[in-house]
Amino acid sequence: MPNVADAVWRHATERPAAVALRARGRTWSFADLRERAAAFAGLLRAEGVRPGHRVVLVAPSVPEFAVVSTAVHAVGAVLVTLNTMATAPEIGYVLDDSGARLALAWHETATAVEKAAAERGLPLLVLRPDLPVGGGAPLSEPVGRGADDTALLLYTSGTTGRPKGVEITVDNLDFTAAAFAEQLALTPDDRFGSGLPLFHVFGQAVCLNGALRVGCSLSLLSPFEPNAMLRMVRDDRVTVLAGVPTMWNAMLHADDDFGADDFPALRLAGSGGASLPGEVIREFQERFGCTILEGYGLTESTGAGSFNSPALGPRTGSVGPALPGTTVEIRDPAGEILPTGEVGEVHLRGPHVMKGYWNRPEATAADLPDGRLRTGDLGRLDEDGFLYIVDRLKDLVIRGGYNVYPREVEEVLYGHPDIVEAAVIGVPDPHYGEEVAAVVTLRPGAALTAEELRGWAKERLSAYKVPHLVRFVDALPKGSTGKILKRALDWDTLPD
């Protein structure tokens, strides 16, 4: 019977001295990781945690996160990870909805968790460096679990209502870790690195579980800061780096004067979480000598879907073909498969697709018709099966009856030498229904005007796609992974 924690136990037996984690100037071997996870698993059992119980964890990307998550999996419980910026009401909602048995919180981000747990009389353990290790006999080996048992419960952002718990199974996690290890050609000699939050599906299912499954080391950075990331890549001799578009962009604009010669070991970078402008890919490769391979996935697909593998080579603008063993389909609103090249909703099928939404059978049935996942993303497939994400279905701007895909406009704006970041949204308009609007941040010292931006865009876009409304801001709102949050942009409150 499989268990997500099996890989840690195996590597600790076969290669006990091999480095599993790097962070805060320290290294943790696989033997260290197993010893601490086994001890913490004993503590969880002493607290009454049993297979199937939900355990909520609120912690940043520190080595102790890996210890605790491994321990929770080892005892057969369901891990529920939350954003460290979550408020007490948000945490309380998840504690109630999941029926949590225990809450765990990193000492630096424990205040909101303490309040939510206290209001419910729920047991809480505050985590500190090196963790508490008393309270029970260490677990000798992970308990057996079924492949379809829920191992991880991740809550969606709730943009279409109250957050829903996504049930990710043992098999979902195992497949995703194995698939990305194969696509990235990871070996035990690799040095993986990331500044992603481990409470997010990308950081946890792809980076952490992928590295632990293969047996390579994982360098952690928390919180992300571009200069610190560049130093980590250099000092830890990182070979494979994972991040999201805003991270790559921030590294390109970092103060430190790093170049390709500083990263001789870095062979590739994997990007996900949002669309990556082609200009950023080109600049990153020119400056750092490293190819960024873009992929696509979402929480409901365990962070997996498609990926540009090194073997096939990247295709500009594409997030790659479907991962081996999975299927990508483009369907119309009636659910019919569309011909090659036509734009429609992206549907995914395969071992990476979630079990369902926790205690929400109607929502599960709506988003998983016939076992395929409706993603809510618009995309198209080319003749070779490469997927191109056009935009979020809900982000589509319809101006005077014409469809405007914000990602296409943003791609053009990122090509402007004075623009650092851009977000394109639709603003209600009495004549056109919606007007195309751009919110941008500029390079320090730049003095671009709205009229100049529109003139530049008119040379590169059809007239109906040109942003007729423009706002300049110091920074765009971002989520925990660095993804730009368009829903947080209120046009009426933005500075003129």
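Leaving aside neighbours within four places in sequence, Asn 209 is in contact (heavy atoms within 4.5 Å) with Val 4, Leu 173, Ala 177 and Gln 204. Asn 209 lies in helix H7 (residues 201-214), where helices (H or I, at least four residues) and strands (E, at least two) are DSSP runs numbered from the N terminus. With a relative accessible area of 10%, Asn 209 is buried; buried means under 20% relative accessible area, exposed over 50%, and partly exposed in between, using a 1.4 Å probe and protein chains only.

Please keep in mind that this is a predicted model, in which local features need pLDDT of at least 70 and side-chain atom pairs count only at pLDDT 80 or more, while totals for chains, interfaces and linings use all residues. Residues are numbered from 1 along each chain as its sequence is written, and side-chain values use heavy atoms, with hydrogens and water left out.

**The eight-stranded sheet**

- An open sheet of 8 strands runs in the order S2-S1-S10-S9-S11-S12-S13-S14, with mixed pairing; two strands pair if DSSP finds at least two bridges between them.
- Strand S2 (26-29) and S14 are the edge strands, each pairing on one side only.
- Helix H2 (residues 30-46) packs on this sheet and touches strand S1 (19-23) and S2. The direction of H2 makes about 75 degrees with that of S2, where axes are lines fitted to C-alpha atoms, for helices over the stretch in contact, and angles run from 0 to 180 degrees between N-to-C directions.

**A look at strand S12**

- From strand S12 (residues 268-271), Leu 268 and Gly 270 point one way while Ala 269 and Ser 271 point the other way, and all are buried.
- Strand S11 (residues 240-243) runs parallel to S12, and 4 bridges join them. Across this pairing, Ala 242 has Gly 270 as its bridge partner, and Gly 243 stands opposite Ser 271.
- S11, helix H9 (residues 245-252) and S12 make a right-handed β-α-β unit. Right-handed here means that, with the strands pointing away from the viewer, the path from the first strand over the helix to the second runs clockwise.
- Strand S13 (residues 291-296) is also parallel to S12, and 4 bridges join these two strands. Gly 270 has Leu 293 in S13 as its bridge partner.
- To get from S12 to S13, the chain crosses through helix H10 (residues 278-288), and this β-α-β crossover is right-handed.

**The four-stranded sheet**

- Another open sheet has 4 strands in the order S15-S16-S18-S19, with antiparallel pairing.
- Its edge strands are S15 and S19, each of which pairs on one side only.
- From one strand to the next, the twist averages 50 degrees.
- S15 and strand S16 (residues 344-349) pair in the antiparallel sense over 5 bridges, and Glu 329 has His 347 in S16 as its bridge partner.

**Helix H13 and its two sides**

- In helix H13 (residues 450-458), the buried residues are Leu 453, Trp 456 and Ala 457.
- Seen down the axis of H13, these buried residues fall within an arc of 95 degrees, so they line one face of the helix; the arc is that of the directions from the helix axis to the C-beta atoms.
- Glu 451 and Lys 458 are exposed on the other side of H13.
- The cover over the buried residues of H13 includes helix H12 (406-413), strand S22 (419-429), S23 and strand S24 (469-472).

**Salt bridges**

- The whole structure holds 20 salt bridges, each being a side-chain nitrogen of Lys or Arg within 4 Å of a carboxyl oxygen of Asp or Glu.
- Asp 384 and Arg 315 form one of them, with the closest N and O atoms 2.9 Å apart. Asp 384 lies in the loop between strand S18 (373-381) and strand S19 (387-392), and Arg 315 in the loop between strand S14 (306-307) and strand S15 (327-331), so the pair ties together parts that are 69 residues apart in sequence.
- Both partners are partly exposed: Asp 384 has a relative accessible area of 46%, and Arg 315 has 29%.
- Arg 399 and Glu 435 meet in a salt bridge at 2.5 Å, N to O. This pair links distant parts of the chain, with Arg 399 in strand S20 (residues 397-399) and Glu 435 in strand S23 (residues 433-442), 36 residues apart. Arg 399 and Glu 435 are both buried.
- A network of salt bridges links Asp 96, Lys 115, Glu 119 and Arg 120. Within it, the side chains of Arg 120 and Glu 119 meet at 3.4 Å, N to O, and Arg 120 counts as partly exposed at 34% relative accessibility.
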